[in-house]
Amino acid sequence: MSGQPRRILLIDDEPIVVDSCLAILEETEHEVAFASSGAAGLDMARAFEPDLVFVDLKMPGMSGLEVLEALRSQDPTIVCIVFTGFATIAAAVEAMQHGAYDFLAKPFTPDDFRSMIRRGLTQRDLLVERAALLREREALRENFAAIVSHELRSPLAAVQQNLFVTIAELDGVVSEDQKRRLERMSSRVGELLALVNRWLRGFSTDVAPLRESFRPVAISGPVANAVESAQTEAVRKAIEIVSQVDPSAVVLGDGGALTEAVLNVVGNAVKYSRQGGRVSVSAVRRDGKVAISVADSGVGIPAADLPWIFDAFYRGQAGASGVAGVGIGLALTRRIVEAHGGCITAASDPGRGSVFVIELPALKTPVPGPGVAPPEQVSKGEAA
Amino acid sequence: MSERRKVLIVDDDPDFVAGIRAILDREYDTVVAYNPKDGWDALKKDRYDLLCLDIMMGRGAEGVMMARKIRRDKELRNMPVLIITGLREQIAFLFPGQAVHPGFVPVDELMEKPVEPDLLLQKAAALIGASEARQGR
């Protein structure tokens, strides 16, 4: 066998099987450990950190299947192969369904065993490599903001900085027309910077630490703030936002983040509504949950797109206003909602509108007192 | 105004430096260092009234190291430091779990690139003024 020595663990209660395997393994350069019961094998696996484990399915005490599951939860890249008697091929298949890589029926020849070791170790290499790639991809995703920020944002910032100063320096020197063109350049670069910032914020916002600052929040506050923020655009399009909020709907969370989450949904509803349309926002307590629902009568979402709308970079077709999103808002909303232990769903009737529902675990009885935030005053968001 | 105050800019992006230097030149004598080492040498050689420091230089946050080094230095610790950086989130990434605020490193002010010329001059004047008031000048 080639390559560096690997660690192989045998778990079998039959001494004759263990002995014959050990005899074969002695010819190799691999490190070997063995145990005669499932529990002992698991103990050993923690310290020994095997690449490959052979485990007997039928043992007194802990069964082979239980051992398999425990091993996989310890390290999913450990390759497990089960030993089984001819009578229990069905059990071996079941074991493979539980994550065993393969099975070896007893009795087996030394060549069978060697060949299984080779295949098992190859599989181990593949799994380890795959896990490393996944980790790398995850790290890339997490560090995306920092990477893109330097590569993409720095040149834009430098251009904008020089436009700022050039425009100021050329004041009175260039014609009004030339000045206007320079200002347009600066304004377009500014839009591009704002776009990059929104993307980066969507990606890099680490919502997990929010939990440390969770406190009781009356949902009327975030809803009212979100509705108010969406009003500018709504008024421009003559869209009426009506909202009805149960004042007893209280959740444990972060008011600012919840405002952001609701605003993204309400903002979308306005964006994809037709001129003169109507957006309804409601928040109710039901079944131990607070459900915030945002309904519009806008262009709707094609059924084929519905499964993807909460993924980063999905963006709807240009709304009635001709403005398309950047594809971050709903992804960020979902992350915020999930950080609050909730979920967000959407339903849509293309051409007739969409309904988004954010469900959050309700705080049972909001007892006013020290340490509990008084429900914030409901502003104009509440229905008349 | 009496003598012109001196500002040191430490940033590894020459184009960006050109863009802020032209602004600061209106009111200050500016000196530029394009890496933290030259910046440190300049600080040791001359006295400056303000340091404009970039965070992301070299292989990472070398600007942060420099700001910390300045605050440990008896002679330099009273000099105001204005950090001009990319996204605030960049700082959140570098210092996970910490508040996204200039307080992460002992500097006096943090601004995002690009900076409005008037705002930059305002901040610079305010920082220099406050520092001189503290030292009774």
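Tutor: Helices (H or I, at least four residues) and strands (E, at least two) are DSSP runs, numbered from the N terminus. With strands named that way, V245(A) stands opposite A283(A) in β9(A). This is a predicted model, in which local features need pLDDT of at least 70 and side-chain atom pairs count only at pLDDT 80 or more, while totals for chains, interfaces and linings use all residues. Residues are numbered from 1 along each chain as its sequence is written, chains are lettered from A and ligands numbered from 1 in the order in which they are written, and side-chain values use heavy atoms, leaving out hydrogens and water.

Student: How do you know that β7(A) and β9(A) pair?

Tutor: Two strands pair if DSSP finds at least two bridges between them. β7(A) and β9(A) (residues 278-286) have six bridges, in the parallel sense, so they qualify as a pair.

Student: Which sheet do they belong to, and what makes a strand an edge strand there?

Tutor: They sit in an open sheet of five strands, ordered β7-β9-β10-β12-β11 (chain A), with mixed pairing. Its edges are β7 (240-245) and β11 (343-349) of chain A, since each has a pairing on one side only. From one strand to the next, the twist averages 15°.

Student: Which strands does helix α7(A) lie across, and how does it run?

Tutor: Helix α7 (residues 220-236) of chain A lies across β7, β9 and β10 (289-296) of chain A, at about 175° to β7(A). Angles run from 0 to 180 degrees between N-to-C directions, with axes fitted to C-alpha atoms, for helices over the stretch in contact. Helix α8 (residues 255-271) of chain A also packs on the sheet; it touches β7, β9, β10, β11 and β12 (353-361) of chain A, and makes about 25° with β10(A). Touching here is contact, meaning heavy atoms within 4.5 Å.

Student: What is the relative direction of α2(A) and α3(A) called, and why?

Tutor: Helices α2 (residues 38-48) and α3 (residues 64-74) of chain A pack at about 15°, with axes 10 Å apart. That makes α2(A) roughly parallel to α3(A), because angles under 35 degrees count as roughly parallel (over 145 is roughly antiparallel, 65 to 115 roughly perpendicular, the rest oblique). α2(A) passes α3(A) in a right-handed crossing. G38(A), L42(A), A45(A) and R46(A) of α2(A) make the contact with V67(A), A70(A), L71(A) and Q74(A) of α3(A).

Student: How are those contact residues classed?

Tutor: They divide into five nonpolar, two polar and one charged. Ala, Val, Leu, Ile, Met, Phe, Trp, Tyr, Cys and Pro count as nonpolar, Asp, Glu, Lys and Arg as charged, and the others, Gly among them, as polar.

Student: At what angle do α2(B) and α3(B) pack?

Tutor: Helices α2 (residues 36-45) and α3 (residues 62-72) of chain B pack at about 20°, their axes 10 Å apart. That makes α2(B) roughly parallel to α3(B). P36(B), G39(B), W40(B) and L43(B) in α2(B) meet E62(B), M66(B), K69(B) and I70(B) in α3(B). By class, this contact has five nonpolar, one polar and two charged residues.

Student: Where is confidence in chain A lowest and highest?

Tutor: pLDDT is the predictor's confidence in each residue, from 0 to 100. In chain A, helix α6(A) (residues 176-204) is lowest, at a mean of 81, and β10(A) is highest, at 95. The chain averages 83, and 83% of its residues score at least 70. Over residues 318-326 of chain A, though, pLDDT is below 50.

Technical notes. Left-handed = near helix turned anticlockwise from the far one by under 90°.
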